[in-house]
Amino acid sequence: MASVTAWCRAMLIRRGLRLRVALTLALACLLVVGALGFTLYTASEDMEEALVDNLISEEMDYLVRRHRENPRYQPQQSSNLETYIVRDASAPSRVPARLLALAPGQHEFFVGRDEYHALVRDEGGTRYIVAYEVGLHEQRAQEFKTLVLLSSLTAMLVSLALGYWLSGILVSQVTDLASKVGELEPGQPRESLVRPGQDSEVTRLARAFDDYQSRIEQMIHREQEFTANTSHELRTPLTAIRTSCELLLADASLGEKSRARVEWINAAAGRMVEQVQALLFLARGEALGTVEPVTLADCVAEALEPYRSEIMHRGLALDLGVPREAVLLLNFQALRLVISNLVRNAVQNTEHGFVKITYAAKRLTVTDSGRGIVPQALPRIFERFYSRGGAGRLGLGLAIVQRICEMYGWKIAVDSKPAVGSSFSVTFP
């Protein structure tokens, strides 16, 4: 019984509500039927004992009465009942030795595997012996025990099936509500989850979901408004900068050195506009643009350009291992944003040594010989603004990289050792 209870408890923890209700009902039924069966079995054993004792006592009274009526009376033996009259204990007798050795009173003993109940009485110098073999009663008790066990198991199985069916009816409204909640999409026209005929508890749950969904929609709306306003406020000065740069570049009197600087400012402002637009799309959960064949070497070169001067200033060796024939079908802007953030992260965390960008077997890898990342910090480096454990100034860069990779189904992985360097790999499908 204890093992069955433990099994049911484990099942209740691992399974769903419907099966838990069914198992609870089955367990309750098993406990009730088991307790009732145990009570009946115990009571039947006591009744069997009382019945045997009463049978022996009545047989003894009959034997004494018949002997008084007829002193020559010789009792007859049966297969399970033995009765003897011993008139002279010193004379040879056909009474078995095991019975002759018994003192007056009630006795229980075994002969082999057979159990006997005996009653010995002395009256007027005569000994009366009644012995009863209780094997038939034991057999009936065993059959009753088996019947109780089978009844308990049958009741448990029936209650399990019945409970599973009934629980299906009970939780049908909950499962229906769960399916409707699962179909909800942000931004889609919303219908109330409250339906006529729902139970009061399910109605309360549906109203709670409605309220929660309303708050989520309001929060999304506020966030979209904020990102749109922020994007607009950022693009306005950037547009002014690019316009000024174009006017300066149109001036023929502008020197070559100044022209190069203005072109660099114009290009940086253009990339900033694209990054702001990319961040806006990411905040809204939208794609960054169309998917097209992209020459990987060109994308790497464009993403690397803003950091070449800092690489030269730090005296880092730049190793590019991206073949010109490598072409991938993806979004150029998304890939450039990923590479740009990985390169910036590598340059910022490398004081001496190298920065290497390689590509092979649909895997782009950015490796540096920087300070590296301690093992306990690795699981959290893609969190926003996380910068502990020797990871350096992470900011939003790696969080943006992970978000883009999740959106397009790319796999980002990192391998890093403190004081040795880090290697970030992006695997494309």
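This is a predicted model: local features need pLDDT of at least 70, side-chain atom pairs count only at pLDDT 80 or more; totals for chains, interfaces and linings use all residues.
Figure 1. Patches consist of residues with over 30% relative accessible area and no salt bridge, like charges being joined within 9 Å and nonpolar side chains (Val, Leu, Ile, Met, Phe, Trp, Tyr) within 5 Å. Helix H2 (residues 17–69) supplies the largest share of the patch, three residues. Helices (H or I, at least four residues) and strands (E, at least two) are DSSP runs, numbered from the N terminus. Glutamate 49 belongs to helix H2 and is partly exposed, its relative accessible area being 31%. Buried denotes under 20% relative accessible area, exposed over 50%, and partly exposed the range in between (1.4 Å probe, protein chains only). Residues are numbered from 1 along each chain as its sequence is written; side-chain values use heavy atoms, without hydrogens and water. Local features need pLDDT of at least 70 and side-chain atom pairs count only at pLDDT 80 or more, whereas totals for chains, interfaces and linings use all residues.

**Figure 2. Nonpolar surface patch with residues from helix H4.** Leu25, Leu162, Trp165, Leu166 and Ile169 make a nonpolar surface patch of about 470 Å². Accessible areas come from the Shrake-Rupley method with a 1.4 Å probe, and for residues only the protein chains shown count as cover. The largest share, four residues, comes from helix H4 (residues 135–182). Leucine 162 is located in helix H4 and is partly exposed at a relative accessible area of 42%.

**Figure 3. Salt bridge between arginine 68 and glutamate 123.** The two side chains meet in a salt bridge with an N to O distance of 2.6 Å. The pair joins distant parts of the chain, with arginine 68 in helix H2 and glutamate 123 in strand E3 (residues 114–123), 55 residues apart. A salt bridge requires a side-chain nitrogen of Lys or Arg within 4 Å of a carboxyl oxygen of Asp or Glu. Arginine 68 is exposed at 60% relative accessibility, whereas glutamate 123 is partly exposed at 24%. Both residues belong to a salt-bridge network that also includes Asp61 and Arg121. The structure holds 11 salt bridges.

**Figure 4. Salt bridge between arginine 98 and glutamate 82.** The closest N and O atoms of this pair are 3.5 Å apart. Arginine 98 in helix H3 (residues 97–100) and glutamate 82 in strand E1 (residues 81–86) are 16 residues apart and link distant parts of the chain. Arginine 98 is partly exposed, with a relative accessible area of 35%; glutamate 82 is buried at 13%.

**Figure 5. Helix H10 and the glycine that follows.** Buried residues in H10 include Ile400, Val401, Ile404 and Cys405. Just after H10, glycine 409 adopts a positive phi of about 80°.

Figure 6. Lysine 362, although not a glycine, has a positive phi of about 60°. Lysine 362 sits in the loop between strand E8 (354–360) and strand E9 (363–368) and is partly exposed at 42% relative accessible area. Alanine 419 has a positive phi near 65°. Alanine 419 occupies the loop between strand E10 (411–417) and strand E11 (421–427) and is exposed at 70%.
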